[in-house]
Every structure is written in C-alpha cells, then in structure tokens.
Amino acid sequence: MIKIFDALFGMFSNDLAIDLGTANTLVYLKGKGIVVREPSVVAVQKMQNGQKVLAVGMEAKKMLGRTPGTITAIRPMKDGVIADFDITEEMLRYFIHKVHNRKTLVRPRIVICVPSGITQVEKRAVKESAESAGAREVYLIEEPMAAAIGAGLPITEASGNMIVDIGGGTTEVAVISLAGIVYTKSVRVGGDKMDEAIVQYIKRKYNLLIGDRMAELIKIEIGEAYPGNELLHMEVKGRDLVSGIPKTTEIDSNEIRDALSEPVTAIVDAVRNCLERTPPELAADLVDKGIVLAGGGALLRNLDILLREETGLPVVTAEDPLSCVVLGSGKVLDELALLRNVAVSS
Amino acid sequence: MSDEEVVSGAAIGPLLKNAREAKGVQLEEASRVTKIGKNYLSAIEEGAFEKLPNPAYLKGFLRLYATYLGLSGDDIIARYQQTLTTTPIAAPAAPPQPEPHDASAMGVERVTFRGHRRWGIPLLLLGLVIVAALFFSESEEKREKPASAPPPAPAPAAVPAPKPVQPPMSSAARPAQPQAALPVPAQPGQPVPPPGAAPAPQAAPPTAAPVASAPPATPASKEGRKGVILKLRFTQDTWMSITIDGAISQRYDLKAGDIIEWKGAHGFTLDLGDGGAAEGEFNGRPLKALGERGKPAHVELKAD
C-alpha cells in the first residue's frame with residue numbers, strides 16, 4: 001500500500017537535491033538539472049517582534065558587510081554545518097519554494113549533502129530543517145560520495161577512488177570503493193579560511209583592512225597554491241588601519257601564495273593523512289588513477305600541481321568542480337537503488 | 001564502441017604525441033612530471049582509450065597531459081567529446097554542460113513548463129479508471145438482464161437451427177404439448193436452442209405450462225419483438241410480487257386504481273394475492289383474468 005502511494009507521490013513530486021554549502025547553495029531539480037545556484041546568505045531585519053527575512057541568496061550577499069544596524073546579513077552555515085538553525089530553515093524554505101512552487105500538493109523528496117565529519121546532532125538539525133521547510137522525505141548523503149558520483153567516478157566498482165572536495169567551509173578527502181567510503185578525513189578548512197587568511201595577511205603586511213568579499217575576489221583573481229609561470233597583480237581597496245582612510249594597494253600572486261600557505265597546507269596534510277590510512281590494495285589503485293579534485297576550492301590556481309608534487313600521484317580536476325556535489329546528489333535521485341545504498345542512516 | 005574510441009584516439013593521440021616530440025620530451029619525463037603512469041600515457045598517444053580507467057579519469061588525464069605539453073586542455077577535451085557524441089559514454093558527461101549559469105528565474109519558468117507534461121500520466125490514469133468503470137457497469141447491466149443480447153438472437157437462430165420445416169406450427173404446437181419441455185429441438189417456436197441463450201427462458205416453460213392462464217399469453221408474443229411489456233391495472237387493494245426474466249424480483253403492496261407497467265426481455269412470473277384484482281395487457285393485448293377472484297394466483301407470462 002505504501003509503495004503505491006510512494007509511486008503515486010513520486011509521479012507528482014518534484015524531487016530535489018540540495019548541496020547546502022557554506023558558501024553556495026545549489027539546488028538540482030530531478031529531470032531538469034541545476035535550477036538554483038546562489039550564495040548561502042540570508043539578510044534579516046530585526047523587528048520589534050522577532051525578525052523578518054529580507055533577502056536570500058544573491059541579493060543578500062550584496063548586503064553582506066554593508067548593512068545598517070537593524071539589518072544583518074547572515075551566513076547560516078559555518079564550517080560546513082548549520083550554525084543558525086532558524087535562518088537555515090528559512091533559507092531552505094525559500095529555495096524549495098522557489099523551485100517547487102507548490103504547484104503540486106505533494107511535498108518533495110529531498111536529498112541533502114552533508115560533510116562526512118558531521119555529528120548526530122548536526123545531522124538531525126539538517127534533517128529537521130528540511131522537513132519543516134516542506135520536505136516529504138529527507139535523505140542525507142555524504143559530500144565526498146556525492147562529489148565522486150558527480151565527477152563521474154566509478155564508485156560502485158571494486159577499485160579505489162580518491163576524491164578531494166574543497167568546499168567553502170570544509171575539505172573532505174575520501175577513498176571510495178564499492179559505493180562505500182573506506183576512509184574519510186574532513187577538515188574544517190576551505191574557501192572561507194583562505195579568505196580569512198588573505199584578510200589577515202594584508203592587515204599584517206599593509207595595515208590595510210579589507211572585507212571578506214574583497215578577499216574572495218583576490219583569491220579568485222590572483223590566488224595560487226603553487227608558483228605558476230606568470231606573476232599576477234591586482235589592486236586592493238580597503239581601509240588603512242593607521243590613518244583610517246580608504247586606500248588602494250597593489251599586491252601580487254606571490255604574496256597571496258604566502259598568505260594561503262596555511263590553509264593550503266592543512267588541505268595537503270589531510271590528503272596525506274588519508275593516503276597513509278588507505279589499505280594497500282586501494283592505494284595501488286590510487287597510484288594508477290590518482291586523485292580527483294572537486295568543489296570550489298579546486299579552482300584555486302595550481303592547487304592540483306601542488307598536490308601532485310606533494311603526493312606523487314596524478315591529480316585531475318573534475319569537470320565543473322563547483323557543481324560536482326549537487327550533480328552527484330541529483331544523479332542519486334534518479335537512481336533510487338543507489339540512493340538507498342549511499343544514504344547516511346541517522 | 002571501441003571502434004569509435006580508436007577513431008577518437010587516432011585524432012587526439014597523434015596530436016599529443018606530435019606535441020610531445022616537438023617539445024623534445026621523452027615519455028618517461030612526461031610521466032615523471034605529470035605523475036600519470038607511463039602505460040597510460042602511451043595508451044593515450046596510441047588512442048587506446050579503453051585501457052584507461054574511466055571517462056572521468058580519462059578526461060582529467062587528457063587535460064593534464066595537454067596542459068603539460070602546452071596545448072589547451074579545453075580544446076583536447078572538446079575534441080574528445082566530439083568524437084564521443086555517438087557513444088553512450090558521452091551521456092554522463094553531457095548534463096553538466098547545458099546549464100552552466102542557469103538563471104534561477106529561468107529555472108522556475110521551466111518548472112511551470114514542465115508541469116504540463118507532468119499531468120499527462122495522471123490524466124491517462126484517470127482516463128483508464130473511467131474506461132474501466134464504464135466497462136464494469138456495462139457488464140453489470142448485462143447480468144441484470146441478459147435480455148438485450150438473447151432476444152434478437154433467437155428469432156433468426158430458431159429458424160435455421162432446430163427444424164426449419166416446422167416453424168409455422170409453433171403457436172399451435174406449443175399449447176398442445178406444454179409438458180414436452182425436454183425435446184427442445186422439436187419445438188421450433190422455442191427460442192432456446194441457441195446455446196448463448198440465458199437460462200431464464202429454459203427454466204420458465206415447464207413451470208409456465210401447468211398454469212391455465214398461460215396459453216393466452218403465448219400467442220401474443222408470436223410477434224418476435226424485442227422484449228415484452230406488461231401493463232396492469234388493479235381494481236382492488238392487494239399485494240403482488242413479480243419476477244422479471246426470472247432474474248429480478250419485486251414485491252408491491254397495491255391499492256385499487258394503481259397502474260404499473262413493466263418491461264422485460266422474455267417474460268414475467270407473477271404472484272398475486274387476489275387473482276381477480278388485476279386486469280391489463282401483455283404486449284399490447286388484453287389479458288384474461290389472472291386468476292379467480294379472492295384467491296391467490298400464480299401466473300407466468302412468456303414472450304412467446
């Protein structure tokens with residue numbers, strides 16, 4: 001009986017896959033592809049009786065760091081997990097409604113990616129957020145698994161695959177074989193930590209205070225992990241800490257490489273650590289196939305070269321690393337059997 | 001498939017090999033820098049892509065190797081994709097491409113668009129349910145009065161089937177040997193012979209026979225019409241129960257002056273509380289008294 005209902009609901013419901021990331025939230029609609037790709041930012045206005053959500057996503061990100069006292073632009077996800085339960089729920093609700101539109105009465109089945117190092121409490125928080133945001137069924141799958149599926153790795157085969165998913169808040173390193181995670185290492189270092197490192201570095205070196213958005217721009221424009229062929233330059237605008245006046249300085253990619261060395265080293269260490277713990281048979285597979293990079297952090301210039309030099313393995317970057325995770329979860333939606341296989345029990 | 005891969009490899013492999021040789025780099029050196037196994041590199045250059053692990057890795061290796069050789073990784077991948085478009089391997093790689101910057105507004109629009117198609121299946125199901133309902137109700141009706149089918153059949157079938165020679169006698173023969181229900185074929189007038197006929201008429205004749213009032217009814221039915229009509233007018237208060245076509249029974253409590261009309265396929269079986277309380281017509285012909293006044297009566301009226 002339940003199966004009949006399931007099939008019936010399945011016919012009407014728009015199943016969703018959500019990559020609830022620290023930096024960006026992506027939503028995949030079954031049969032459609034990626035329909036939402038927006039920053040995980042919510043702008044909230046304080047009211048006398050509680051608070052009101054002003055804007056979500058792109059719009060809210062523009063407000064980040066530019067808000068008056070009554071409005072706060074919040075990033076509800078920190079280090080890959082929900083830091084602000086209510087705001088996350090609002091954000092999820094917004095995205096689900098934006099996509100699902102409540103055209104049908106049936107609530108959607110939702111697959112959400114979570115970092116592999118997530119605790120039971122955090123798992124529950126994600127699940128309940130999604131349920132109260134209007135999900136019929138919530139499946140959690142681990143980010144590295146989703147990334148590996150999204151990158152097109154043959155995860156169901158009996159051979160090792162190593163995926164390094166560098167997100168906004170966390171970096172996930174995992175060795176996957178036979179649709180299961182053999183060993184995983186999750187470090188709370190990602191794009192955000194890199195931005196912070198750049199802010200700190202410029203503050204220390206130039207006495208110039210810059211915002212997170214500026215830092216992100218610097219990282220994208222001239223950031224690199226390993227010396228490249230050319231030296232890149234960029235103008236940086238911010239507030240001088242000594243005189244208190246806005247000013248512009250020029251910096252180059254060597255400096256940013258310095259600034260990024262700490263978070264990047266943490267990522268390399270995580271990969272090394274994971275390799276050390278990999279069973280020998282799988283390690284042999286990895287020598288042949290190497291490491292696959294996914295996530296926004298994979299776009300950091302020359303990170304693959306650095307990892308290659310450090311590990312001695314071929315390092316390839318997935319096609320479209322930013323969408324790997326959500327595409328993987330989407331693929332899982334299409335294959336329910338696989339979903340039951342890889343979904344995290346809670 | 002491997003044929004196509006050889007073709008694709010033939011396009012990309014030599015390109016890479018030439019680039020490497022132009023650069024003056026040995027395979028070992030290339031392998032040392034890129035960390036891609038030497039066997040894989042030579043497989044790539046030979047275009048033997050089936051020796052490589054998986055399209056995802058293959059593409060990564062191609063990009064890595066191309067970049068190392070100073071070629072455009074995107075270009076090589078594009079070539080690889082081109083040659084693969086006809087093979088299924090391209091399918092999993094395709095989805096990421098179409099929507100790199102899918103405006104969210106557009107996404108919502110597409111959802112509504114999709115809505116139309118999504119209703120297709122439910123509508124189809126609904127249609128099926130309706131059709132099924134019609135079908136079942138129809139068969140139910142048939143069970144109620146198998147009438148509609150058999151009556152047309154007997155008339156034509158009766159003539160050729162049993163003894164075509166005798167049909168004219170039917171009306172006379174019948175009252176003469178009412179008990180002889182068994183030699184069915186001998187009674188040309190009897191519509192039963194067709195095997196498809198419902199059991200009701202078969203059961204009826206023997207019982208009908210003993211009743212005295214039955215004969216008058218039979219000639220009336222000779223017309224071979226579809227169905228029979230009984231119209232009764234009651235002159236006294238009484239009760240009666242009627243069985244139409246041997247299938248549907250109804251019981252009435254009647255008052256003087258009531259007029260009731262029934263329609264059936266073959267005939268009626270009546271039980272009256274008072275045989276003299278009713279008068280009427282059967283198939284448009286007046287009926288004799290149904291029984292003695294003041295006494296219960298049992299009457300069978302047949303179409304023939």
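**Figure 1. Strand β4 of chain A pairs with β6(A) in this predicted model.** Strand β6 covers residues 71-74 of chain A. The two strands run antiparallel and share 4 bridges. Strands are DSSP runs of E with at least two residues, helices are runs of H or I with at least four, and both are numbered from the N terminus. Two strands count as paired if DSSP finds at least two bridges between them. Opposite V44(A) stands T72(A) of β6(A). Strands of a sheet pair through backbone hydrogen bonds, either parallel or antiparallel.

Residues are numbered from 1 along each chain as its sequence is written, chains are lettered from A and ligands numbered from 1 in the order written, and side-chain values use heavy atoms, without hydrogens or water. The model is predicted: local features need pLDDT of at least 70, side-chain atom pairs count only at pLDDT 80 or more, and totals for chains, interfaces and linings use all residues.

**Figure 2. A hairpin joins β4(A) and β5(A).** β4(A) spans residues 42-46 and β5(A) spans residues 51-56. They run antiparallel, joined by 5 bridges. K46(A) has Q51(A) as its bridge partner in β5(A). Between the strands lie 4 residues. In this hairpin, G50(A) takes a positive phi near 85 degrees.

**Figure 3. Helices α3(A) and α4(A) pack against each other.** α3(A) covers residues 85-100, and α4(A) covers residues 120-132. Their axes lie 8 Å apart at an angle of about 45 degrees. Axes are lines fitted to C-alpha atoms over the stretch in contact, and angles run from 0 to 180 degrees between N-to-C directions. The two helices are therefore oblique (under 35 degrees is roughly parallel, over 145 roughly antiparallel, 65 to 115 roughly perpendicular, the rest oblique). On the α3(A) side, the contact (heavy atoms within 4.5 Å) is made by F85(A), T88(A), E89(A), L92(A) and R93(A). α4(A) contributes A125(A), E128(A), S129(A), A130(A) and S132(A). By class, the contact has 4 nonpolar, 3 polar and 3 charged residues.

**Figure 4. An open sheet in chain B has 4 strands.** The order is β4-β1-β6-β7, with antiparallel pairing. β4 (259-264) and β7 (285-286) stand at the edges. Each has a single partner strand, so one side of each lacks a neighbour in the sheet. β6(B), residues 278-282, joins β7(B) through 2 bridges. R285(B) in β7(B) is the bridge partner of F282(B).

**Figure 5. UniProt lists a transmembrane region in chain B.** The unreviewed entry gives residues 119-136. Such annotations may be inferred rather than shown by experiment. The span is 94% helix and 0% strand. Its end C-alpha atoms lie 26 Å apart.

Notes. Ala, Val, Leu, Ile, Met, Phe, Trp, Tyr, Cys and Pro count as nonpolar, Asp, Glu, Lys and Arg as charged, and the others, Gly among them, as polar.
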